[in-house]
Each structure stands twice: as structure tokens, then as C-alpha cells.
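Colleague: I have a few questions about this one. Can you put it up first?

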Amino acid sequence: MEAKKTPLYDKHVQLSEHVVDYAGWFLPVQYTTLKEEHQAVRERAGMFDVSHMGEIWIEGKDAEVFVNYLMTNDIAKQNDTQIQYTFMCYPDGGVVDDLLVYKYNTEKYYLVVNAANIDKDVKWINDQVGTYDVTVRNVSPETAEVAVQGPKAQEVVQKLTDYDLDSIKFFHFADDVMIAGKKCMISRTGYTGEDGFEIYTDNESILEIWDRVLEAGKEVNLLPCGLGCRDTLRFEASLPLYGHEISKDVNPLEGGFKYFVNFKTDADFIGREALEKQWKEGLSRVLVGFEVIGRGIPREGYEIEKNGEKIGYVTTGYLSPTLGTRIGNALIKKEEKELGNEIDIMIRNKPTKAKIISKKFLEARGDKHNR
């Protein structure tokens, strides 16, 4: 099956020679170079086409209790116009998807899910409806989105709207906002570790918004950005990628995301029993950060050994554009997680020395990207 095209596909092929099939969508890996685009977001601003992401409405009298049943986080404590990061889990605790939940009110929720999981998520949600008084609508095909990220993001987007962007707090949103003359929903979350905005609108309006953001961003040298730096940015900011740090086989506790799993109330959610049992009994493996001491760049899937014994594998690895060091995340036996512990990463089947470090890579250099 041929990959799908976002509404901005023609603009990508005009600007980039590196448009590839990603999660069933044609998207640019980069326009200039990964390093240039990465630095643009860290130092100024960059814009991403994220129209491939999925959007699902859950509405009705039982919307809040139903969404709370689906999610590991405590949706009931969420305020109107607030956004929560959370997981949907299987009964065994494995992750269906990680996603954002936008709360309009107790009877209206908007879910933003990963592109590769849209069909699976919609089916999973519908399969759980049962007697709950809710309607589930997948509006992904008619919804487009761009993300403007970086310390200059607000300066750029503010030129295109009369709406006071200062009034949108971190992990909140505003609806029916006019941006570049188009009606949009705008949120402030980010997947880069920097400040930034996500602009949602219809497939036709996104074309004008893309052009206008590029024009408004010329003064700060905003760059269009591809999938390559989207991954390096989220990785440096200790944000997970589905299929890497978390998956149906790697649960939120193993990934180090207990903060988003609600054991504090009596609220039931799918997967709670399995996750709570595992937490009480103790984890056998955990996600850690590491820095390569030897030569070579760690890649996803590389095995990790200690004294010749396999203890885990790399989930993500890069030469960090910001730090200039070869770092990564790995899922390893809990006994080997101590900071400073030396491990061997099998790079091209040869052991390469590395040491365990904090996963909070950016904080280690004194930055405060996670607002």
C-alpha cells in the first residue's frame, strides 16, 4: 500500500530531496541538514508538519469516566482547556499508545495519538465502549497540524494572531483562535524540550498557515524541520517514542514513567492491576541513559552486555547535536542501573565501552527546557 500524503506534501517535495515513507506517510527527513534544523529549534525556531498524527473525539455524558477508564493518568483531576500526557494500556500493562488528552469539558475530550497507531487506537477505544454513553469520532483525515518549536516560537506565531499567546499556559490550549486569518485550535506542549505551539486546522487552511509561519519566521531564521531532528530533539529532552522506549512489550513503569500512572486514587483503568502488581513486586528491567566511552554510535536494537552476559538493548542512540557526545537510552536489567556503571554496547558485533548516566540529558548541561 502506498504511503499517504499530508496536505503539505507538495511543499515538502519542493523544499526537500529527502521525503520518505514514515509510519505510512510521506514526510521529509530533513530540508537542509539534521544538525542545522536541530540547532534552529534549540536556539531560535523551527516548524514541523505533524499532520500525520491522529485526532479522536470522545464525547457524551460518560466521556470523563470512560476516558479515565482508558488512561493511566488521572483524567478526573484535569481542568478545562488543560492537556495531559498519558498512556493507554492493555490489561497486561503493555502500551497501546502514548498520547495527549485535551479536555474541553467533562463531556468532550480530544485525543492526539501517534500516526502509526491511529487505526489500532480507534478500534481499541471502540472495543471498550460497552455501555458507556459516549460517541467516538476519528477526525484524523480532515485534521492538519503544524508544530512551531523553539525559544522564538511565540515571537513568530504572535505576528499571525491577535490572540494573546501569553495566556496559554504550558500544557493548555485555546480553541477558535484566528491564526493567519484561519480558525485554529492552538496548544502549548511541544515534543522537543523547547517552548512551542501546535496549530490544528483543516487540510486547506494549513497551506496558508505553513507559508505565513515561514514568512513571519524569516526575521529569526526559522527553519522548516524534518523527522530527523524531531527524533534527536525529543530524545535529548528525555521524551519517549512509541516502539522504542515504550511499546506493547515495554510498559510505562519499565520506561520510567510512573509519574503518569495513577495508583493514588480508587479509579480503575485498564492495566492497573498488572502494573500495580509489578510495581509492588519490583521491576526486573528499567530504562537508563548511557554515554559511549569508546568509538562508534549506538543504534536502536544493539545488544548490551556486562561481563559477556546480555543484559539489555539500546532503545535509542545518537551523536547528540546539542551535547556533541554519543548518548542513548537502553532497557537493561535493574541490577545494572546504577549511575557510573560500565557496560558494553555491541556496535557492529564488537563490545564498545559505555557508562550509565542520567536520562535527563539536557538538564545535565544546566538547561531548563522542560517548563
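Modeller: The model is predicted, so local features need pLDDT of at least 70, side-chain atom pairs count only at pLDDT 80 or more, and totals for chains, interfaces and linings use all residues. Residues are numbered from 1 along each chain as its sequence is written, and side-chain values use heavy atoms, with hydrogens and water left out.

Colleague: Is Cys 184 buried or exposed?

Modeller: Buried, at 2% relative accessible area; buried means under 20%, exposed over 50%, partly exposed in between, with a 1.4 Å probe and protein chains only. Cys 89 is buried too, at 0%.

Colleague: Next, the nonpolar core. Which residues have the most contacts inside the largest one?

Modeller: Phe 48, Tyr 102, Tyr 110, Phe 290, Ile 304 and Ile 345, in a core of 46 residues. A core is a set of buried Ala, Val, Leu, Ile, Met, Phe, Trp, Tyr and Cys residues joined through side-chain atoms within 4.5 Å. Another core, of 28 residues, lies apart from it and includes Ala 144 and Ile 209.

Colleague: What does Tyr 102 touch?

Modeller: Among others, Gln 78, Phe 173, Met 185 and Glu 198, leaving out residues up to four places away in sequence. Contact means heavy atoms within 4.5 Å.
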